[in-house]
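Here is a briefing on a predicted model.

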Amino acid sequence: MDTPTPDRWKHDGVRVVPANQLDPNTAQTPGMDRKAAINFARVGAAKLWAGTVHIHAGAKTGAHHHGPLESVIYVVKGRARMRWGEHLEFTAEAGPGDFIYVPPFVPHQEINASATETLECVLCRSDGEAVAVNLDIEPAEKPLDVAWIDPTHPAPPKGAA
């Protein structure tokens, strides 16, 4: 059994990854730029992946899913429109400060709802692997709006817009 050295925490403790040192060598989806900050290769993380994603003004990603991984997206700047489902038939939007949860194997597409501003997000996944499975999905013509209903976003009263 290894005996810890007195300075172990100096090298094996908290790690800071500077913003200008994020790694673009990660799984990519057309229409977005992902950069890894936290993963096994960079810091030894075995159970999560974290990084940034930028979606250019007016851009849409290709349809994709992330296999068995759970994903959380935090919107830093801009307006995100998410489409999901077998035909990308459902849609919801999120703005700065909002969190988006994407369950395993859910086909989805991120859309920058702004024609002039880059959508900037922080992305976390439940494994150290950067899984992105691109899909060939024909989107539905008229996606169904789905309200984000949770304790802070209750369902609107019937008849309310």
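**Fold at a glance**

The protein chain has two helices and eleven strands, where helices (H or I, at least four residues) and strands (E, at least two) are DSSP runs numbered from the N terminus. Along the sequence the pattern reads α-β-α-β-β-β-β-β-β-β-β-β-β. Of the 161 residues in the protein chain, 31% are buried; buried means under 20% relative accessible area, exposed over 50%, and partly exposed in between (1.4 Å probe, protein chains only).

This is a predicted model: local features need pLDDT of at least 70, side-chain atom pairs count only at pLDDT 80 or more, and totals for chains, interfaces and linings use all residues. Residues are numbered from 1 along each chain as its sequence is written, and side-chain values use heavy atoms, with hydrogens and water left out.

**Sheet and strand pairing**

- Five strands form an open sheet in the order β1-β2-β9-β4-β7, with antiparallel pairing; two strands pair if DSSP finds at least two bridges between them.
- β1 and β7 (99–102) are the edge strands, and each pairs on one side only.
- From one strand to the next, the twist averages 25°; axes are lines fitted to C-alpha atoms, for helices over the stretch in contact, and angles run from 0 to 180 degrees between N-to-C directions.
- Seven bridges join β2 and β9 in the antiparallel sense.
- Trp49 stands opposite Arg125 of β9.
- His54 lies in β2. His54 counts as partly exposed because its relative accessibility is 32%.
- The C-alpha atoms of His54 and Glu120 are 4.8 Å apart, although 66 residues separate the two along the chain.

- β5 pairs with β6 (residues 90–94) in the antiparallel sense over five bridges.
- Arg81 has Glu93 of β6 as its bridge partner.
- Five residues sit between the two strands of this hairpin, and Gly85 takes a positive phi near 120°.

**Nonpolar core**

- In soluble globular proteins, nonpolar side chains tend to be buried together.
- Here the largest nonpolar core has 16 residues; such a core is a set of buried Ala, Val, Leu, Ile, Met, Phe, Trp, Tyr and Cys residues joined through side-chain atoms within 4.5 Å.
- Ile55, Ile73, Val75, Ile100, Leu119 and Cys121 have the most contacts inside this core.
- β1, β2, β4, β5, β7 and β9 each give two or more residues to this core.

**Cavities**

- The count is two cavities of 30 Å³ or more. On a 1 Å grid over the protein atoms alone, a cavity is a set of points where a 1.4 Å probe fits but cannot get out, and lining residues have an atom within 4 Å of a point. Grid points are joined across faces, edges and corners, and a volume is the space filled by probe spheres set on the points.
- The largest cavity holds about 60 Å³. Its lining includes Met32, Arg34, His64, His66, His108 and Glu110.
- β1 (32–38), β4 (71–77), β8 (108–112) and β9 (119–125) each give two or more residues to the lining of the largest cavity.
- That lining divides into five nonpolar, four polar and three charged residues. Ala, Val, Leu, Ile, Met, Phe, Trp, Tyr, Cys and Pro count as nonpolar, Asp, Glu, Lys and Arg as charged, and the others, Gly among them, as polar.
- The second largest cavity has a volume of about 40 Å³. Val53, Ile55, Ile73, Ala80, Met82, Glu110, Leu119 and Cys121 line this cavity.
- β2 (49–55), β5 (80–84) and β9 each give two or more residues to the lining of the second largest cavity.
- The lining of the second largest cavity has seven nonpolar, no polar and one charged residues.

Terms used. On a 1 Å grid over the protein atoms alone, a cavity is a set of points where a 1.4 Å probe fits but cannot get out, and a pocket is an open set with protein on both sides within 12 Å along at least five of seven lines; lining residues have an atom within 4 Å of a point.
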